[in-house]
Amino acid sequence: MNEKVGLWFTSVFVLTGLVRTTEILNHLRVVLTGPDKAYLSTRAEFQCEALGASAPIIYRFVKDNRWLIDFQKNLKTNKPVRFYGKVTASSAGMYFCNVKTNGKTSNSNSIHLQVVIPVIGARLLTEPDPPILYEGVGFRLRCEVEKGSHLSYTWYHNRQKVSVASAMYNISENMLTVKRATEHHGGSYFCMACNQVGNITRLSNSNEEHVVIKTYLTTPQLSYSVYKENSSYHANMSCHVSQGSTPVTFRLLLNGQEAAVRVSDSLAVWFSVPVFLEMDMGTAQCLTETHDQQILSNSVDLEVVWGTVSIHVEYLYNQDSQVAAARLKCDVSRGTFPSYAWIRNYSLLITKSDHHSLIHGQILVLMDLSLQGPGYYHCLVRDSFNNNRSWMQSREVFVEAKGKAVVPIEIIAVGFCGFMLLVLLGVTCFIWTFDWQMHEREMSSFEELPMSAVYLGPESAEADPDSVEHHFMVNTVNFEQQSCL
């Protein structure tokens, strides 16, 4: 009995396996292939293949599980069939293929088709509009399109691609945001919108927008120098700011009253004001203005420094008699504790340089003239203990490295003095020699004279011999004293 039951279970197991194997061999598998994206108004193609099926086969192309899009019948073979269709806005959806053969029905995998609208008409919008703002203020750019879907965006700043990971910008979809603008954010911007289906890409570039980042003005500085024109004096007043956005309106105030106005695209302007020597004309200030700012400069005393300034140039030569350096000295006729400044081609010279050196500020030594090239130099002088006093300006001198050495006036003077000394010594020797010869002649004449010729006493025979001798001796002594002179 037990053997019969066991044999029965074995038979059932074998039969069940055979049936399962037959089902696997006869299993129907349907595969649908096709695009998941397609441009609007293009032609889409899908292919349906029934693996393991035999003819006749009926194919149905179904959308969203309820719409029959197409129907095909293959009576002879099991070759794949293709379904074609023009893509419209309503073509988006879920597609699958249904196959029926030999009384069996099976569905394929599903494909979700997305309809992509080609991008056109990209444009760039700015907030604020127009995009003109000061440092520290934020701005936002938005890339809009007239038509398009499934878009990606690329941003460009000054024709350079903006990295999404850049810390300077915050990019999200079609928006570029800057929270705190700096001068580096200024410049031109545009965006590029694109979409892609397969290996086909559609692009649209926007218009360019120029973002202006304005810089706040720093405190203006007012200074001036004095120059002479004909018989009158003028103050060349300079008002400048080290940083700021242009245009800037500069107003010159004399004793609080507006004297002149200039609007400039640069950060410095000059005003010419007539002045009078030794006269205190009050104080001057400069007022700078923009649309958002008004800043007043330092005040300076408009009083001309007394004295006159002159400049002297001395060239120094090498062993080949070529100009190697130049020495410029700035002199002021009167005044104590002067402060000096040097100007080359209207630019202030710094204190230290490889091409020049300053000695107590008053003397400027120019080296390597051949490398520096020619230039115009002048010096400025004012009181060192009063920075509000004006600068006095010397005349300009032209310095260049050319020409042979010339004999300085000092050497000429020393040579002339030496020559005159030699002439004087020669004349002195000549006079001394002439006097000595005359003395020798007189001595020779004295020795040849008779005694009676020397006697100068009375000729009377009655004269006292002692008195005669005394007279003779006296005259002889006087003669000898005269001969020694």
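Me: Is R82 buried, partly exposed or exposed?
Reply: This is a predicted model, and the value is computed from it. R82 has a relative accessibility of 39%. Buried would need under 20%, and exposed would need over 50%. At 39%, R82 therefore counts as partly exposed.

Me: Which residue does R82 meet in a salt bridge?
Reply: Side chains of opposite charge can pair when their charged atoms come close. Here the N to O distance is 3.0 Å.

Me: How many residues apart are R82 and E45?
Reply: R82 sits in strand β6, residues 81-86. E45 sits in strand β3, residues 43-51. The pair links distant parts of the chain, and the separation is 37 residues.

Me: What is the distance between the closest N and O atoms of R140 and E127?
Reply: A salt bridge needs a side-chain nitrogen within 4 Å of a carboxyl oxygen. R140 and E127 form such a bridge. Their closest N and O atoms are apart by 2.7 Å.

Me: Which strands does the pair of R140 and E127 tie together?
Reply: The two residues are 13 apart in sequence. R140 is partly exposed at 36%, and E127 is partly exposed at 33%. R140 lies in residues 139-144 and E127 in residues 123-127, so the pair ties together strands β12 and β10.

Me: Which residues are linked with R140 and E127 in a network of salt bridges?
Reply: The structure holds eight salt bridges. R140 and E127 form one of them. The network also takes in R142 and E144.

Me: What is the relative accessible area of R251, the salt-bridge partner of E258?
Reply: The side chains of E258 and R251 meet at 3.0 Å, N to O. E258 is partly exposed, at 48%. Buried means under 20%.

Me: Is S264 buried or exposed?
Reply: S264 belongs to strand β23, residues 257-264. Beyond its neighbours within four places in sequence, S264 contacts T246, P247, V248, F250 and V269. Its relative accessibility is 14%. The cut-off is under 20%, so S264 counts as buried.

Me: Which side chain makes a polar contact of 2.8 Å with that of S264?
Reply: A polar contact needs N or O atoms within 3.5 Å. The 2.8 Å contact of S264 meets that limit. The side chain joined to S264 is that of S266.

Me: How many residues does the largest nonpolar core have?
Reply: In soluble globular proteins, nonpolar side chains tend to be buried together. M237, L328, W342, L366, Y377 and V399 have the most contacts inside this core. M237 touches residues including L222, L252, W270, F271 and L302. The core has 39 residues.

Me: And how many residues are in the second core?
Reply: This core is separate. Among its members are A44, V81, Y95 and L113. The count is 21 residues.

Me: About what area does the nonpolar surface patch with F419 cover?
Reply: F419 is found in helix α3, residues 409-448. The patch also includes F416, M420, V423, V427, F430 and I431. Its area is about 700 Å².

Definitions and conventions. Residues numbered from 1 in each chain as written. Predicted model: local features only at pLDDT ≥ 70, side-chain atom pairs only at ≥ 80, totals over all residues. Heavy atoms only, no water. Patch = residues over 30% accessible without salt bridge, like charges linked within 9 Å, V, L, I, M, F, W, Y side chains within 5 Å. Areas by Shrake-Rupley, 256 points an atom, 1.4 Å probe, with all protein chains shown as cover. Helix = DSSP H or I, 4+ residues; strand = E, 2+ residues; numbered from the N terminus. Buried < 20%, exposed > 50% of the residue type's maximum accessible area, 1.4 Å probe, protein only. Polar contact = N/O pair within 3.5 Å; in protein donor to acceptor, adjacent residues only side chain to side chain. Contact = heavy atoms within 4.5 Å. Core = buried A, V, L, I, M, F, W, Y, C linked by side-chain atoms within 4.5 Å.
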